[in-house]
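Student: I have a new model open and would like to learn how to read it. Could we start with its overall form and then go to the details?

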Amino acid sequence: RLIYMSGKFVPQSEAKVSVFDHGFLYGDGIFEGLRVYEGNIYKSREHLIRLYESAKSIMLDIPMTIDELEEVMVETVKKNDLRNAYIRLVISRGPGDLGLDPFTCKNPEIIIIADQVRLFPQELYDKGLDIVTVPTRRNTPDALNPKIKSLNYLNNVLVKIEARRAGVLEALMLNHEGYVCEGSGDNIFLVKKGKLITPPTYLGALEGITRETVMELAKAKGYEVVETPFTRHDVYVADECFLTGTAAEVIPVISVDDRIVGDGTPGPVTKELIQSYRQVVTEDGRQ
Ligand code: PLP
C-alpha cells in the first residue's frame, strides 16, 4: 500500500510517525473514515466538513483546503488501485515538545490510508448481531464533545473491550443519565410500531453520516423518523434494532443484554434499509 503522509506518497513500511507527534503522545488530532464504492468516495464532502468542524473546535489548522484534501484522497485511492475500499484520514497536531502545549507543534501531519475493510463478518448482516450495554459512559458535551471525531477514542476502545469480554462484537454506550447514546463506532436505531427512533446526538453521539443517510432513506420510503431519548428498556422491547456507520453500513441487532429483539431475526424494515443503503452508496457514485 502507498500511504500519503508529510505531503508525499510513501510505501506502507516507511509510513512512520514521530514519537514526538502529539497525535501519538496525547491523542491530539482528529480523523475520518470514508468508503469508496465502485471507485467513488461516498459523501466525501460531508466527511470533510465534519473533519474541518472537528479541527476548528480543537483549534487545529489543517494546512490544506477542503478541495486539496479531497484531491489527495482521490489520488490515494487511484495510486492503490482500489475500487472498493475504506479511507482513513488522520490529521494530528504534528511533532512538538514533550509537553502538552499544542502551540509547540508547528506542522500538523496529514495521513491518508486507503485499504480494504470488513468490520463484521458477512454472515452477521444476514443473521444479525448480539450486543450488550456496557459500564463505560459516553462523554457528555460538557467534556470532550462526542461530535468531535478526535483521536481520543479510549472510551470507545473500552467499550470494545467490554463487548469482547462479554463474548460479543459490539456494545452500546449509555450517557450518565442512562440514556442510550451509540455503539463504539456506530449509531443506533430502533423500529417500534413501524416508526424509526434514534437518539438525539446531544445526548452524546457522533452526528453519523450513515445515520443521516438512513434517516433520509427511511423518510423517502414513508417511514416516520423521530429523534428522541430512550433507555435500555426501550431497546429490549423494540420490534427491530440496527446499527449504522461508514464501516459497518447498516447491520441488524437481534439481541441486547440477552433480551431477544423482536423475533430474534433481522426485521423487515431493517432488511429494507440494508438493501436501499447498498443501492444508494453505489448509485450516488455513478451520478
Ligand atoms: N459513532 C462513532 C463513535 C463513530 O466513530 C462512528 C464512525 O465514524 C459513527 C458513530 C458512525 O458515523 P458515520 O456514519 O459518519 O461513519
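Tutor: With 287 residues, a compact globule would come near 19 Å, and the chain has 19 Å, which agrees. Along the principal axes, the C-alpha atoms fill a box of roughly 55 × 40 × 30 Å. Please keep in mind that this is a predicted model, where local features need pLDDT of at least 70, side-chain atom pairs count only at pLDDT 80 or more, and totals for chains, interfaces and linings use all residues. Residues are numbered from 1 along each chain as its sequence is written.

Student: What does the secondary structure of the chain come to?

Tutor: Helices (H or I, at least four residues) and strands (E, at least two) are DSSP runs, numbered from the N terminus. The chain has eight helices and 15 strands.

Student: In what order do the six strands of the open sheet come?

Tutor: Two strands pair if DSSP finds at least two bridges between them. The order is 2-1-6-5-3-4, with antiparallel pairing. Strand 2 (8-11) and strand 4 (40-41) stand at the edges with a single partner strand each, so one side of each has no neighbour in the sheet. Inside the order, two bridges join strand 1 (residues 2-5) to strand 6 (residues 109-115), and Tyr-4 has Ile-112 in strand 6 as its bridge partner.

Student: Which residues are closest to the ligand?

Tutor: A residue counts as near a molecule if its C-beta atom, placed from the backbone, lies within 6 Å of it. The ligand is surrounded by 14 residues, the closest being Leu-206, Gly-208, Ile-209, Thr-210 and Thr-246. Helix 6 gives the largest share of this shell, three residues. Strand 13 (240-245) supplies at least two, as does helix 6 (209-220).

Student: Which residues of helix 6 are buried?

Tutor: Buried means that 20 or more other C-beta atoms, placed from the backbone, lie within 10 Å of the residue's own; exposed means 12 or fewer, and partly exposed is in between. In helix 6 the buried residues are Ile-209, Thr-210, Arg-211, Thr-213, Val-214, Met-215, Leu-217 and Ala-218. Over the chain, buried residues make up 39% of the 287.

Student: How far does helix 6 reach?

Tutor: The expected span is 1.5 Å times one less than the number of residues. Helix 6, with 12 residues, reaches 17 Å from its first C-alpha to its last, close to the 16 Å expected. Just after helix 6, Gly-222 takes a positive phi of about 95°.

Note on methods. The radius of gyration is taken over C-alpha atoms; the globule rule is 2.2 Å times the number of residues to the power 0.38.
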